Amino acid sequence: MVSRVDDMSNSPSGLILAEPGASYRPGASENQWVEVLVDCPGVQQDQQQEQKLYTYRLPSELDVQPGDILSVPFGAQQIGAIAIRLLDSPPPDLAPTKIREVEEVICSGFFPTYYWKLLEEVAQYYCTPLISVVRVALPPGLLARSQRRIRLKPEKLPNNADTVIHPAASQILATLKTQVDGDFSWKYLQRQVRGASWGLKDLIKRGWVESYLEHPKPTRPKLRQAVTLVGYTFTSDLTQRQQEILDVLRRRGGDLWLTELLQTCHTTSSTLKKLEEKGYVVIQEREILRTSTEPTVAADRPKALTVQQAEALQVIKSLDRCAQVLLHGVTGSGKTEVYLQAIAPILNQGKSALVLVPEIGLTPQLTDRFRARFGNKVNVYHSALSDGERYDTWRQMLTGEPQIVIGTRSAVFAPLPKLGLMVLDEEHDSSFKQDQFAPTYHARTVAKWRAQIENCPLILGSATPSLETWVNVTQRGKVGESLDWNPETVNQTSPISPSHYLSLPERIQSRPMPPVEIVDMRQELKQGNRSIFSRSLYNALQKLHSQGQQGILFIPRRGHSTFVSCRSCGYVVECPNCDVSLSYHYTHEGATQLLRCHYCNHTQLHPPHCPECTSPYLKFFGSGTQRLAQELTQQFPQLRIIRFDSDTTQTKGAHRTLLTKFAHGEADLLIGTQMLTKGLDIAQVTLVGVVSADGLLNLADYRAAERTFQTLTQVAGRAGRGDDPGRVIIQTYSPQHPVIQAVRRHDYETFAQTELEQRAALQYPPYGHLILLRLSGLDAADVENTALRLAEQLSATESDYEILGPAPASIMRVARRYRWQILLKFPLDVPVVLPNLAQLRERCPKDISLTIDVNPLNMM
Ligand SMILES: Nc1ncnc2c1ncn2[C@@H]1O[C@H](COP(=O)(O)OP(=O)(O)OP(=O)(O)O)[C@@H](O)[C@H]1O
Ligand SMILES: [Zn+2]
Ligand SMILES: [Zn+2]
């Protein structure tokens, strides 16, 4: 096993690119084989959704490059495939005579070559087959959308054709002949003709028909009629009405959708037809891309920047190649405005920009701000889009037109040619990391590689930077070379990708940071207050309504807090599939009371009696958002409340609707979970209350402190963003906890320093590296034994890493699968030699799945 450090030192760019025998050189003539990804229903995937690559020979006349779409023989069929990489030699385990030839290149240059470098790098770093990366990167069903078609070769067809062949074949011929050009989709033929496959095989062998693949394009392009002004000099042959219509069209830029023009001018199609006949306009069908439609927003102009914003912008604008920027701006300091003004010149240079955000549904405001500034140059790309929308947005990117793509983590693979700038907003957010499925990539890490490969700057923005980023950008000298196992940091230390620390220490218009009051809930209890509201929070809520102000109440994410248990015997209702208690759900007055599992979504009715002892006192405990809402309605009947959590935001667009209502003052109080922490900018919010900080602090995870600091600081930052000053009340049972104290003082640096000392002492990231092996399977004993065996094998090899575990995962069973994990901890000061993870995977029995989580964020 080669160490990664060696790999990298051999590669002049510091990147791990190709494996031996593979090459990315475009058009290099020595490449005679190609590995392809086929994507058709007949190809089986194994349990881990991994699909193998197939090797084909390249005919000498074909010039194939990674990313080209090819037509290849597969079994009896001719199917579409994506060229993944070129090989100098055939795989040793394949007899050369068994390798079939690529038929043709259907579509070349579909992806730029560098794109494949990026995918390959992700696969290698995250110890996963390339194919799993390809699946994350490409829109679903890309190849399925390229259509296989069959056409007649009339010149080859003998007169007596029908008499000599299989009935299915003759039926295919007959069908083909009904069309002038003898051309049909294979799907159609299959529907029309029984045994079509046999028939086709025969016909192809005889050379009477051929099979080809049509270019990938939307199966049902949406067409819409557009009216375009062509004549500009109006003569006397126009009626006044016609003249008016032409004027409208001209004022609107000479181009409108037919329906729009009809509406605007209250006219009819026949009037427009007449104008067309006279040669003043043309009416044409135009393909519209199903890029997602969002409400239009009023246009807005660049704001005059504060001195600090201007300084930051100046540095960013001066960057014209790979560089990493940490834009560390306190909440409400106007980071978004800096992004906007940094992107404007990029578009003017004909380049595009990529903006990554944690969860798009939660940030309609951010998307709106971009739309207000850049109009239809903004495309949104994330997994909640329909397949059609994703596919079209994706094609829109490939056009190379200057644009801005805003998306969630997988958008880091957005195929934008001419990338001029990348932004990761809220870079500390853990949703940038994918942890349950391969590749277990972090979008920030991938963005750094991409910045280097495409030589463009990357801005990481946050009020609470991740400690990794903080250390990398501000203390590089101190941690030194030893972080170099991680290409992420190799990139930064190499001279071509300098990093910059830019700080926005003040809010816009020098608004003060809101004072943070910490309430000791133990004292409240001592003094006889058993309510979930401290007196301080109670009073603040009382005043809210009378003063016409708005507030936010935050309660850490649901979980065990809303379990249902029997007050007589202590029985707790648990999920039949997972080792967790079910959560109580009661959405509104009169709704059915449900119990739901937050891991597998098992849902059942709330039983009226305890299943153990039949006691009727089966009640839910804890304080989820629902309980909070009920409590509020009882104690503050005058307060209008909006619940903002995963129950109330399930439908498409619900986030936007609720936030808009709140922003328009239709409620006094917004209550919810972690969703509230992300980028909400509502000027009227003066009060932020944290019902309990303890659930965050006590997570069994070495990142609990960091996450708590980030979450509380972010949620506190929603207060006082407008003209009225804000205030924050945090309720906790651990008021002296250093994290709570740092939040109170808005003191990121002290928090970071204290936390980093602990990380260093324990060699946790960023002063060490972790790899988490997650095992799961249906049989408890199998999973445990496999975990033990793998751990034994790992410890048998000479190595510098520490093995923690194996141990059952903190929730041992999820969706009927038992879960165990092994944690590998690598120190920084020795060259890291990775264990042979591929080999471990092979040694894992088939029915046990192994996910290798490199630099895990979530240890649960
Ligand atoms: N130069 C400026 N002049 C006036 N208003 C500004 C300026 N820059 C930004 N703003 C406004 O200040 C508010 C806060 O800005 P923004 O939301 O970008 O802050 P942020 O740093 O992203 O905050 P957070 O990290 O809390 O989301 C917004 O309403 C924005 O429109
Ligand atoms: Zn009971
Ligand atoms: Zn479950």
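**A chat about the model**

Reply: Happy to! This is a predicted model, and one place to start is an open sheet of six strands with parallel pairing, in the order E20-E30-E29-E21-E28-E27.

Me: Which are the edge strands there?

Reply: Strand E20 (516-520) and strand E27 (641-644) are the edges, and each pairs on one side only.

Me: And by how many degrees are neighbouring strands turned against each other on average?

Reply: By 20 degrees on average, ignoring direction.

Me: Can we zoom in on one pair? How many bridges are there between E29 and E30?

Reply: Strand E29 (residues 685-690) and strand E30 (residues 727-732) pair over four bridges, in the parallel sense. Within that pairing, Val688 stands opposite Val728 in E30.

Me: Nice. New topic: what surrounds ligand 1?

Reply: There are 19 residues around ligand 1, and the closest are Thr331, Gly334, Lys335, Thr336 and Glu337. By class, the shell has ten polar, five charged and four nonpolar residues.

Me: Which helix gives the largest share of that shell?

Reply: Helix H12 (residues 335-348) does, with three residues.

Me: OK, on to E18. Is it mostly covered or mostly open?

Reply: Mostly covered: strand E18 (residues 457-462) has six of its six residues buried. Pro457, Ile459 and Gly461 point one way, Leu458, Leu460 and Ser462 point the other way, and all of them are buried.

Me: What does E18 pair with?

Reply: Strand E13 (residues 323-329) pairs with E18 in the parallel sense over six bridges, and Leu326 stands opposite Leu460 there. Strand E17 (residues 419-425) also pairs with E18 in the parallel sense, over four bridges. The bridge partner of Asp425 in E18 is Gly461.

Me: How does the chain cross from E17 to E18?

Reply: It passes through helix H15 (residues 443-453), making a β-α-β crossover that is right-handed.

Me: What about E34, is that buried or exposed?

Reply: Strand E34 (residues 849-854) is mostly covered, with six of its six residues buried. You can look at both faces: Ser849, Thr851 and Asp853 lie on one side, Leu850, Ile852 and Val854 on the other, and all are buried.

Me: Which way does E31 run against E34, parallel or antiparallel?

Reply: Antiparallel: strand E31 (residues 768-777) is joined to E34 by six bridges. Leu775 stands opposite Leu850 in E34.

Me: Where does Cys575 sit?

Reply: Cys575 is in the loop between strand E22 (564-566) and strand E23 (583-585). Cys569 is placed in the loop between E22 and E23 too.

Me: What sheet does E23 belong to?

Reply: An open sheet of three strands with antiparallel pairing, in the order E23-E24-E25. Its edge strands are E23 and strand E25 (603-605), each pairing on one side only. The twist from one strand to the next averages 30 degrees.

Me: How many bridges join E23 and E24?

Reply: Three, with E23 and strand E24 (residues 594-596) pairing in the antiparallel sense. Ser583 stands opposite Arg596 in E24.

Me: Last ones! Where is Ile404, and is it buried or exposed?

Reply: Ile404 is in strand E16 (residues 404-407). Ile404 counts as buried because it has 25 C-beta neighbours inside 10 Å. Ile404 and Leu340 are 64 residues apart in sequence and 10 Å apart in space, C-alpha to C-alpha.

Methods: Residues numbered from 1 in each chain as written. Chains lettered and ligands numbered in written order. Predicted model: local features only at pLDDT ≥ 70, side-chain atom pairs only at ≥ 80, totals over all residues. Helix = DSSP H or I, 4+ residues; strand = E, 2+ residues; numbered from the N terminus. Buried ≥ 20, exposed ≤ 12 C-beta atoms within 10 Å, placed from the backbone. Pairing = 2+ DSSP bridges. Near = placed C-beta within 6 Å. Nonpolar A, V, L, I, M, F, W, Y, C, P; charged D, E, K, R; others polar. Right-handed = clockwise from strand over helix to strand, strands pointing away. Axes fitted to C-alpha atoms, helices over the stretch in contact; angles between N-to-C directions.
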